[in-house]
Structures are given as C-alpha cells and as structure tokens.
Amino acid sequence: QVANEDDYKLVSLKTRNIFAKRAISMSFLDALIGVFSVLFVRKEELLPLRDIECEIKTKIQPCIDTRSIAKKYLILFVATRRYWIRFLKKQQPKLIFVVCSYGKEAFISAAKTLSIPVIELQHGIINKIHDGYSFPDGIRDDYFPDYLFLYGKLWKEMTFIPLERDRIIPIGNPWFELMKPAYQSAFVKKKQIL
C-alpha cells in the first residue's frame, strides 16, 4: 500500500537498475576549480552580459551590475557541471529522468556532454507565461532536456518548447492512474451546484 506520492516514487525506484538522487554535495576542490574556471572566461563570452546591462540601463535608470551577478552564477554552474560530469562518468546511466528541468541546467549540460539522453516528466501546469517552458520561436535552449513527457495532448499545444514535436510525448499521468481507483467509489452524484 502506498501512503503518499513520495512513498510511491521511492517504492517504484527501488531496483538495482535505477538510481535516485535528490541532492548533491560538491567537494571544496570542485568549487575552487569553478572559481578558477570563471577567472579565465574569455572577454567575448561576457559581451552578451554587457549588452544586457546597457539595455537595462537605458530602459531603467539605475545601473544593475549584471556581469557581477552572472559571474557568481557562472562559478556555481561551472563547479556543479564538473561535479555532475564526474558523477555521471562513474555511474554510467543509459537514460536520465528529471521532474523539473529549470534549475538543473548544469546537470543537464553534463548529461548532454556525455551524450546521455535526458527526459523531463511533466510535474505541473505548462503554459505560455511559464518562464521555464516558454521559448520564443527560433530560440534554442542547450540546457533543456532531450524529451518532454506530458500528461496529455492538450499540454503539447500550451507553450513554445525548444524541442522537435516528435520529442514532446503525451504519456498520461501514472500517479493519477494509480490513485484513481481508490477515490472513484467516493464520488456520489448529488443535486448540487459547484
């Protein structure tokens, strides 16, 4: 008997062929290498940041130091990506599932570097105003998973996703299907207004 969604996930993942990882801990050495990697970033790689900074300054008067902010995230990205590359080389997975791709860009980048396919499972609402799933036409995201599995066909039309249409696959909602029988008998039709 499954008590809740987390138990369901853990029970379904307890096989010798699947490894579930919820959190990471980087070594001091990984973080230090990340810092040094950013110190040697080529100037042309920082040009887009300068352009963003100038655009913000012209539209909004106060100057926002986007380069400093971006460098901090770049250090974390480089260190985390390096950690995941080493981890994935050691584990040698054939396929990776993620439940939420945004926020996991370093992990996805590491997997793509090693040619490991990444599949994202829909975890909530996807629409055109959701920053994590809305990419204007023609823009590619190198840190987006290779495939997106959706609850149903409706969701395929709800946003601009940077994938070929055949890589966006409706598969249903296994958790809902598993729990549906337990609650089906609880529904009693009454004369009521909702």
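Apart from its neighbours within four places in sequence, Ile 96 is in contact (heavy atoms within 4.5 Å) with Leu 88, Phe 107, Ala 111, Ile 116, Pro 117, Val 118 and Ile 119. The structure is a predicted model, in which local features need pLDDT of at least 70 and side-chain atom pairs count only at pLDDT 80 or more, whereas totals for chains, interfaces and linings use all residues. Residues are numbered from 1 along each chain as its sequence is written, and side-chain values use heavy atoms, with hydrogens and water left out.

The protein chain has 7 helices and 4 strands, which are DSSP runs numbered from the N terminus (helices: H or I, at least four residues; strands: E, at least two). From the N terminus on, these elements follow the order α-α-α-α-β-α-β-β-α-β-α. The mean pLDDT, the predictor's confidence in each residue from 0 to 100, is 76 for the protein chain, and 71% of its residues reach 70 or more. Over residues 1–10 the pLDDT is below 50, and this stretch has 10 contacts in the model beyond near neighbours in sequence.

Of the 194 residues in the protein chain, 24% are buried, that is, under 20% relative accessible area with a 1.4 Å probe and protein chains only. A nonpolar core is here a set of buried Ala, Val, Leu, Ile, Met, Phe, Trp, Tyr and Cys residues joined through side-chain atoms within 4.5 Å. The largest such core has 13 residues, and those with the most contacts inside it are Trp 84, Leu 88, Ile 96, Phe 107, Ala 111 and Val 118. At least two residues of this core are supplied by each of α4 (66–91), β1 (96–98) and α5 (105–113), and the largest share, 5 residues, comes from α4. A second, separate core of 10 residues includes Ile 126, Phe 135, Leu 150 and Ile 168.

Helices α4 and α5 pack at an angle of about 45°, with their axes 8 Å apart. The contact between them is made by residues including Phe 77, Trp 84 and Leu 88 of α4 and Phe 107, Ala 110 and Ala 111 of α5.

Ile 119 lies in strand β2 (residues 118–121) and is buried, with a relative accessible area of 6%. Leaving aside its neighbours within four places in sequence, Ile 119 is in contact with Leu 95, Ile 96, Phe 97, Val 98, Pro 145, Tyr 147 and Phe 149. The C-alpha atoms of Ile 119 and Ser 101, which are 18 residues apart along the chain, are separated by 9.0 Å.

Key. Buried means under 20% relative accessible area, exposed over 50%, partly exposed in between (1.4 Å probe, protein chains only). Axes are lines fitted to C-alpha atoms, for helices over the stretch in contact, and angles run from 0 to 180 degrees between N-to-C directions.
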